[in-house]
Amino acid sequence: MKFFTAILFLFLPLAVFAGDKLFVAAAANFVYVLDPLNAQFKKLEPETEVTVVTGSSGNLVAQITNGAPYDLFLSADMQFPEALIKSGCGEKETLTRFATGRLVLWTTKPGLELPSVADAVRSPAVQKLAIANVETAPYGRAAKEALVKLGAWTAAEPKIVTGENITQTAQFIETGNADAGFVAMSLVLSPKLKKKGTWIEVPPELYAPLDHGAVITRHGRANMAAKRYLLFLHSAEAREIFARFGYRVPDTNVPFQLDF
């Protein structure tokens, strides 16, 4: 229902929103999505202050586990929020999948062609290949998985330049410090980067689905703004934004009941 979220928020008491603060830890692939997403949320809750920190999903989990005061965690996979729950730092009943990411091979190097993923990686014109950290960044893990399935990992490995997260990986490519690299589709479709370079999508059958999960942290379990934001991620308005940046969105589902 297109106006589901707007109607829901209309009937909630204004006192609920007065002076609320929300601290969100979000995977780096959301860096350009967050501005329009939070702008839409602000239309619904102008008095709620949302602060966002981005980074690799694994590093954000480490920060939360070590006491970082984030209320809500948006991950580029389901494994890291599940690990947060297992450690006792995430609220199990709030875990929800809200989008599925897509992986692309991108270059800004003039004249570099991308006939296929395997051919591009093996090309002598690609001397440096940027990939996000395969241990802490789900998009990096997906890139390695795709290259292994293509039989191109051995050729790729000596060329790899590792980004701490997917936005740093994109910076390597944008600035020419890497000839090509694997990034989230949401980055190359962003207003900042969509006119730069060329890209091809990595066939999704080559890697496990990049299902993106959100969970309220132990720190945020009493923060009603965290619950409302989590619900907002499933709204028609948010889903349209995710789709605009290349994400696949699941069927609408409400992960839990708001109990005011």
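Arginine 228 is buried, and so is glutamate 45; buried here stands for under 20% relative accessible area, exposed for over 50%, and partly exposed for anything in between (1.4 Å probe, protein chains only). Before we go on, please keep in mind that this is a predicted model, in which local features need pLDDT of at least 70 and side-chain atom pairs count only at pLDDT 80 or more, while totals for chains, interfaces and linings use all residues. Residues are numbered from 1 along each chain as its sequence is written, and side-chain values use heavy atoms, with hydrogens and water left out.

Arginine 228 and glutamate 45 form a salt bridge, with 2.5 Å between the closest N and O atoms. Distant parts of the chain are linked by this pair: arginine 228 sits in helix 10 (residues 224-232) and glutamate 45 in the loop between helix 2 (34-44) and strand 2 (49-55), 183 residues apart. Helices (H or I, at least four residues) and strands (E, at least two) are DSSP runs, numbered from the N terminus. A salt bridge requires a side-chain nitrogen of Lys or Arg within 4 Å of a carboxyl oxygen of Asp or Glu, and by this rule the count comes to 10. Asp20 joins Glu45 and Arg228 in a network of salt bridges.

Another salt bridge pairs glutamate 145 with lysine 149, their closest N and O atoms being 3.8 Å apart. About one helical turn separates these two, because they are four residues apart in helix 6 (residues 138-150). Glutamate 145 counts as partly exposed, at 28% relative accessibility.

Lysine 192 and glutamate 174 also meet through their side chains in a salt bridge (3.1 Å, N to O). Here again the pair links distant parts of the chain, 18 residues apart: lysine 192 is in the loop between helix 9 (185-188) and strand 9 (198-201), and glutamate 174 is in helix 8 (residues 166-174). Lysine 192 is partly exposed at 43% relative accessibility, and glutamate 174 is partly exposed at 23%.

Now back to helix 2, where Leu34, Leu37, Asn38, Gln40, Phe41 and Leu44 are buried. They lie on the same side of helix 2 because they cover an arc of only 155 degrees around the axis, taken from the directions from the helix axis to the C-beta atoms. Asp35 and Lys43 are exposed, on the face turned away from the buried side of helix 2.
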